[in-house]
Structures are given as structure tokens and as C-alpha cells.
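A short report follows the display.

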Amino acid sequence: MTSDTSLASALAAGTVVLDGGMSNQLESAGHDLSDELWSARLLAERPEAITEAHLAYFEAGADVAITASYQATFEGFAKRGIGRERAAELLALSVESAREAARRAAAKGVARPLWVAASVGPYGAMLADGSEYRGRYGLSVDELADFHRPRLEVLAAARPDVLALETVPDADEARALLRVVRGLGVPAWLSYTVDGEHTRAGQPLEEAFALAADVDEVVAVGVNCCAPQDVDGAVRIAARVTGKPVVVYPNSGEAWDAGARAWAGRSSFTPEEVTGWRASGARLIGGCCRVGPEAITGIAAAPTP
């Protein structure tokens with residue numbers, strides 16, 4: 001089932017649990033993601049695998065499924081010979097796959113409200129060269145808005161519960177995304193990837209979060225795809241600057257090696273940290289890369305401060 005209650009209403013009432021890393025779950029199920037399209041390739045080749053990954057997270061305790069559209073772009077699909085019409089169908093399928101997982105979860109006895117967040121990754125995700133962790137692409141805000149607009153319009157037309165503007169490394173890209181979401185008729189959250197108290201492009205988080213403070217469409221702001229130790233400071237800044245609920249879903253603590261296309265280091269993510277994040281203002285909490293269903297179960301079970 002999906003919920004008749006809006007996500008914004010749920011956030012006002014308490015904590016909502018996000019899912020974990022889509023790629024983590026797909027790789028655990030034996031799927032090869034060594035491709036520039038990453039998990040988006042399976043939308044064309046194995047959509048059932050996407051649905052099964054969403055279902056695993058719903059059963060683990062997630063209330064929100066983030067779709068497999070992070071790296072799904074018209075430009076990226078075109079490199080694989082997929083035309084615009086088919087690319088639009090695959091973007092819509094990413095939302096429907098999550099909806100189907102929610103229906104299956106309900107049939108298996110999951111009775112709580114469930115929501116679908118349509119992932120909108122940054123420009124750098126399409127480049128597939130790690131530049132989403134740097135920003136500063138050399139494009140203007142207008143050019144970035146032109147890049148994001150067609151995909152956002154297709155995803156919004158698929159009627160997700162919320163648009164996840166995620167892993168944004170640069171305040172300029174946030175400006176472009178916020179310009180496009182105005183008037184689409186679908187709420188959004190804005191989530192930066194950060195290094196300490198700055199965006200990956202080096203802007204202070206106070207300035208970056210302030211961009212969303214007066215945007216009515218934005219129901220939450222925060223951080224994702226960052227080290228767990230960077231969350232506490234970002235949560236406090238986001239809550240203070242915007243007055244909105246805060247979204248956090250960090251990585252496991254391992255580091256991505258773009259050249260080797262592999263993760264390195266150790267996991268430092270612990271569900272016990274969730275209580276502190278809640279106390280600082282986080283209301284939409286989950287995990288990103290290398291955070292699987294077991295950790296999401298831990299987040300769902302974390303005590304309320």
C-alpha cells in the first residue's frame with residue numbers, strides 16, 4: 001500500500017525511516033553494476049530486481065523507497081542507444097517499481113504507511129566519473145536547470161510522493177534544481193553531499209541550506225552520501241537555517257574510489273547514532289551507499305530521544 005497521509009504530515013508527527021543503498025542490495029542479490037548506468041541499467045534489463053530490492057527495505061522497516069533513477073538520465077540512456085521515448089518510460093518505471101514493492105509489502109503484512117521518493121541525482125552522476133563528489137562542472141545555473149528539467153518533469157508526471165534531489169555537491173546545482181521543482185506539483189527534499197560543514201564544492205552549509213528555506217515545495221533539507229561523522233553538524237545547521245525537518249542518510253563510512261569503481265576502508269555507520277541525529281532535528285533518516293537492510297532495521301528500532 002501507499003499512504004493517504006502526506007510525507008510532510010508524517011514528518012511533522014515524528015520520524016520517518018528511509019531505505020538504504022539500492023546498489024548495495026542489488027549487488028548482494030548477485031547483480032553486476034559495473035556500468036556507467038549503475039542500477040539504472042536494471043530498469044531496462046531486470047526491473048523485477050529493482051522491485052525486489054525495494055521490497056527488502058520495506059520489510060526491513062523502511063517507510064520510504066528511493067527509486068532507481070539516481071543515474072537515469074536522457075543523456076546517459078542515449079549513450080547506450082536508448083531513445084528519449086524509451087528513456088521516459090524507464091524513468092516512469094522507476095516510480096512504478098517502488099509502488100509495486102509497496103503493494104507487495106502490504107500483501108505480506110506491512111501495515112504502516114509507505115511512500116515513494118523519485119531520485120534525482122546530480123549532473124555529475126550522469127558523467128559517471130566521480131564528479132558528483134566535487135561539483136563545479138563549469139556549467140551555469142541556467143545550463144544545469146536545462147539539464148534537470150526534462151527528467152524532473154517526467155518523474156513528477158509519474159506521481160511519486162516526493163522528489164529526492166539528492167547527493168547535490170554544489171549550491172549552484174541546488175539553485176538550478178530548486179528553480180525547476182517550483183510549480184511541478186510534487187514536494188521535494190534537498191540533500192547535499194558534504195565535507196564537514198561545507199558542500200563538496202566548498203560552499204558553507206549555512207548558505208547552501210538557506211537556498212531552500214523559503215521554497216514551499218521543499219519539505220526537508222539535509223545531507224546524504226557523506227561520512228557518518230559529518231551528519232551531526234549538518235543536521236544542526238539545516239534545522240537552524242531553514243526551520244524545516246532534516247533528512248539524513250549517510251554512507252557506511254567507506255570511501256568510493258572512482259578510478260577503481262570500488263569501495264575502500266571500513267564501515268563506521270551505527271544505528272545507535274540515530275538517537276543523536278533525532279535530538280538535533282533529523283526526522284527523515286536512513287542510509288546511503290553500503291548501508292543494507294539490517295542497518296535500516298536498526299534505524300527503525302532506535303529509541304526516540
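## Helix packing and selected residues

The crossing of H4 and H6 is right-handed, a crossing being called right-handed if the near helix is turned clockwise from the far one by less than a right angle, and left-handed if anticlockwise. This is a predicted model, in which local features need pLDDT of at least 70 and side-chain atom pairs count only at pLDDT 80 or more, whereas totals for chains, interfaces and linings use all residues. Residues are numbered from 1 along each chain as its sequence is written, and side-chain values use heavy atoms, with hydrogens and water left out. Helices (H or I, at least four residues) and strands (E, at least two) are DSSP runs, numbered from the N terminus.

Two packed helices are described by the angle between their axes and the distance between the axes. Axes here are lines fitted to C-alpha atoms, for helices over the stretch in contact, and angles run from 0 to 180 degrees between N-to-C directions.

| Helix pair | Angle between axes | Axis distance |
|---|---|---|
| H4 (residues 47-60) and H6 (residues 84-107) | about 50° | 8 Å |
| H6 and H8 (residues 141-157) | roughly 50° | within 9 Å |

The angle between H4 and H6 makes H4 oblique to H6, given that angles under 35 degrees count as roughly parallel, over 145 as roughly antiparallel, 65 to 115 as roughly perpendicular and the rest as oblique. Contact means heavy atoms within 4.5 Å, and on the H4 side the contact is made by Pro47, Glu48, Ile50, Thr51, His54, Leu55 and Phe58, which meet Leu93, Ser97, Ala98, Glu100, Ala101, Ala102, Arg104 and Ala105 of H6. By class, this contact has nine nonpolar, three polar and three charged residues, where Ala, Val, Leu, Ile, Met, Phe, Trp, Tyr, Cys and Pro count as nonpolar, Asp, Glu, Lys and Arg as charged, and the others, Gly among them, as polar.

H6 is likewise oblique to H8, and H6 passes H8 in a right-handed crossing. Here Arg84, Ala88, Leu91, Ala92, Ser94 and Val95 of H6 are in contact with Pro150, Arg151, Val154 and Leu155 of H8, and the contact has seven nonpolar, one polar and two charged residues.

A further helix to consider is H9. Eight of the 11 residues of H9 are buried, so H9 is largely enclosed by the rest of the structure, with buried meaning under 20% relative accessible area, exposed over 50%, and partly exposed in between (1.4 Å probe, protein chains only). Among the buried residues of H9 are Glu173, Leu177, Leu178 and Val181. Just after H9, Gly183 takes a positive phi of about 85°.

Asp170 lies in the loop between strand S4 (162-168) and helix H9 (171-181) and is buried, with a relative accessible area of 3%. Asp170 caps the N-terminal end of H9, a side-chain oxygen lying 2.9 Å from the backbone nitrogen of Asp172. Not counting residues up to four places away in sequence, Asp170 touches Gly135, Arg136, Tyr192, Ala201 and Gln203.

Gln203 is found in the loop between strand S7 (198-199) and helix H10 (205-210), and Gln203 is also buried, with a relative accessible area of 14%. Its side chain makes a polar contact with the side chain of Thr199 (2.4 Å); a polar contact is a pair of N or O atoms within 3.5 Å, where within protein one must be able to donate a hydrogen and the other to accept it, and residues adjacent in sequence count only if both atoms are side-chain atoms.
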